[in-house]
Amino acid sequence: MKMFVLAAMLWLLPQQAEEWFGRGINAYNQGKYGEAVEFFNKAVAADTTSVSTRFNRATAYLKLQRYGDALNDVNWCIARRPDRIAIRMQRAVIFAEAGQKQLAVSDLDMIIAGDSTFPKARLLRGRLLLTTDTARGCADLRAVLAAGDSSALRYMSGICP
């Protein structure tokens, strides 16, 4: 009897994780980032192996400007899925938001080296470099513009010839 109860409980954990994860996504989409973190915490407790849950919790932490917590989650994700560009991009965004531009640029360099056409990486790197390496920053923004993303124009005005 005890084995049956234990097996049933183990079977419920993934279902609970999915439910908490879904609630976290809903809260995040409603702009309730603190509530989203709480739901993602419950999802992590039910399934400690989910990269998606920790990635999304990092996104909520970022909105709350809890950069250390966001970085911990995203580094955990990178350790398990080093091939995922979106996770590395998220870390670059966290570094940029936390004012650690050099670390952000380093991650962006790695992303762009692997996929030279990744427009979001070029856009962010271009924005970050405008204050320290204008020529390189403008080159990135021009590449983004050439790829069809006109959002680069708002950063180029008056800076990039």
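Tutor: A contact here means heavy atoms within 4.5 Å. Take the contacts in the protein between residues at least 6 apart in sequence: 39% of them join residues at least 24 apart. Keep in mind that this is a predicted model.

The whole comes before the part. The protein has nine helices and zero strands. Read from the N terminus, the order of elements is α-α-α-α-α-α-α-α-α. Its radius of gyration is 19 Å, whereas a compact globule of 161 residues would come in near 15 Å. The C-alpha trace spans about 75 × 30 × 30 Å along its principal axes.

Next, the surface. Buried residues make up 37% of the 161. As for charge, there are 21 positive and 15 negative charges, and their mean positions lie 1 Å apart.

Leucines are among the buried residues: Leu123, Leu124, Leu128 and Leu129. Ala121 and Gly126 are buried too, and so are Arg122 and Arg125.

What provides the cover? Helix H5 (85–97) and helix H6 (101–114) contribute to it. Helix H8 (134–146) and helix H9 (153–156) are also included.

One of those covering helices, H8, holds Ala139. At 38% relative accessibility, Ala139 is partly exposed. That label applies because the value falls between the 20% and 50% limits. Ala139 and Cys160 are 21 residues apart along the chain, and their C-alpha atoms are separated by 8.6 Å.

Last, confidence. The average pLDDT of the protein is 90, and 91% of the residues score at least 70. Residues 1–12 are another matter: the pLDDT there is below 50. Beyond near neighbours in sequence, that stretch has zero contacts in the model. Where pLDDT is low, predicted coordinates should not be read in detail.

Terms used: Residues numbered from 1 in each chain as written. Predicted model: local features only at pLDDT ≥ 70, side-chain atom pairs only at ≥ 80, totals over all residues. Heavy atoms only, no water. Helix = DSSP H or I, 4+ residues; strand = E, 2+ residues; numbered from the N terminus. Rg over C-alpha atoms; globule rule 2.2 N^0.38 Å. Buried < 20%, exposed > 50% of the residue type's maximum accessible area, 1.4 Å probe, protein only. Lys, Arg positive; Asp, Glu negative; His and termini not counted. Charge placed at Lys NZ, Arg CZ, Asp CG, Glu CD. pLDDT = per-residue confidence, 0-100.
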